[in-house]
Amino acid sequence: MSQEPQTRRGFYVAAINMLGAAIAAAVAIPAAAYLLIRPKNTSDGNWIEVGSVDQLRPGKPEQVLYERKYVDGWKKVTEKTSVWLVKNADQSITAFNPACTHLACPYHWVDERKQFVCPCHDSVFSIDGKVLGGPAPRPLDRYLTKIEDGKVSIGSQAIEQG
Ligand code: FES
């Protein structure tokens with residue numbers, strides 16, 4: 001069996017086929033990675049630093065804004081959100097989810113009453129999150145907290161109380 005001599009035309013056909021294969025791979029590999037490899041959820045199990053202990057005074061809850069990062073399907077999302085921080089008499093910190101446990105309206109602190117008040121349907125909570133009135137079915141949801149080097153960090157997921 002004789003081998004065909006390499007022609008210029010054969011060389012161009014092979015080069016064009018290789019170029020086509022390279023272009024197809026350049027498109028297909030990132031697309032396959034996007035569809036098949038889910039981004040790692042960086043928020044699970046991570047602590048989020050939200051402020052310093054020095055900025056808090058006992059009995060004076062502070063609403064602190066921070067950025068939360070999480071994965072929604074294949075999309076990494078960064079959203080601005082907030083947490084209520086309460087410095088307790090023993091210097092520990094309690095962190096409350098800012099959503100009312102009735103229908104998730106944002107509540108606020110009324111210093112004259114020393115209560116958290118939700119304006120939507122008049123739920124009222126004590127400084128330790130207990131329900132004092134209104135339709136809220138349970139105390140305010142909390143985040144785990146830790147203090148390191150004077151900085152307050154919260155867990156990534158709010159925990160239902162009661
Ligand atoms: S959402 Fe807060 S009382 Fe209804």
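Author: Residues are numbered from 1 along each chain as its sequence is written. The model is predicted, so local features need pLDDT of at least 70 and side-chain atom pairs count only at pLDDT 80 or more, while totals for chains, interfaces and linings use all residues.

Reader: How do you know what counts as a helix or a strand in the protein?

Author: Helices (H or I, at least four residues) and strands (E, at least two) are DSSP runs, numbered from the N terminus. The protein comes to one helix and 11 strands.

Reader: Why is the protein called more spread out than a compact globule?

Author: The radius of gyration is taken over C-alpha atoms, and the globule rule is 2.2 Å times the number of residues to the power 0.38. For 162 residues the rule gives 15 Å, and the protein has 28 Å, well over that, so it is more spread out than a compact globule. Along the principal axes, the C-alpha atoms fill a box of roughly 100 × 40 × 25 Å.

Reader: Where do the domain bounds come from, and how many Å separate the domain centres?

Author: The bounds come from an automatic or database domain assignment. That assignment gives domain 1 (1-37) and domain 2 (48-154). Their centres, taken over C-alpha atoms, are separated by 58 Å.

Reader: What makes Trp84 buried?

Author: A residue is buried if 20 or more other C-beta atoms lie within 10 Å of its own, exposed if 12 or fewer, and partly exposed in between, with C-beta atoms placed from the backbone. Trp84, in strand 3, has 24 other C-beta atoms within 10 Å, so Trp84 is buried. Buried residues make up 15% of the 162 residues in the protein.

Reader: On which side of the cut-offs do Ser92 and Leu56 fall?

Author: Ser92 has 11 other C-beta atoms within 10 Å and is therefore exposed. Leu56 has 19, so Leu56 is partly exposed. Both are loop residues: Ser92 lies between strand 3 and strand 4, and Leu56 between strand 1 (48-52) and strand 2.

Reader: Which residues are in contact with Leu56, leaving aside its neighbours within four places in sequence?

Author: Two residues are in contact if their C-beta atoms, placed from the backbone, lie within 7 Å. With those neighbours left aside, Leu56 is in contact with Glu62, Leu85, Lys87 and Ile93. Leu56 and Leu85 are 29 residues apart along the chain, with 7.8 Å between their C-alpha atoms. Counted in the same way, the contacts of Leu85 include Val50, Pro61, Ala95 and Val152, and those of Trp84 are Pro61, Gln63, Ala95, Phe96 and Pro98. Over the protein, 45% of the contacts with a separation of 6 or more are between residues 24 or more positions apart.

Reader: What makes a set of residues a nonpolar core?

Author: The term means a set of buried Ala, Val, Leu, Ile, Met, Phe, Trp, Tyr and Cys residues joined through C-beta atoms within 7 Å. The largest such core has 17 residues, and Val50, Val83, Trp84, Leu85, Ala95, Phe96 and Ile154 touch the most other members. Two or more residues each come from strand 3, strand 4 (93-96), strand 6 (115-118) and strand 11 (151-154). Strand 3 gives the largest share, four residues.

Reader: How do you know that strand 2 and strand 3 pair?

Author: Two strands pair if DSSP finds at least two bridges between them. Strand 2 (residues 62-72) and strand 3 (residues 75-87) have 11 bridges, in the antiparallel sense. Leu65 stands opposite Ser82, and Tyr66 has Thr81 as its bridge partner. Two residues lie between the strands of this hairpin, where Gly73 takes a positive phi near 70 degrees.

Reader: Why are strand 2 and strand 9 called edge strands?

Author: In the open sheet of order 2-3-4-9, paired antiparallel, strand 2 and strand 9 (142-143) each pair on one side only.

Reader: How many bridges join strand 7 to strand 8?

Author: Two bridges join strand 7 (residues 123-125) to strand 8, and the strands run antiparallel; the pairing rule asks for at least two. Val124 stands opposite Gly133 in strand 8. Both strands belong to an open sheet of order 5-6-7-8, with strand 5 (108-110) and strand 8 (131-133) at the edges.
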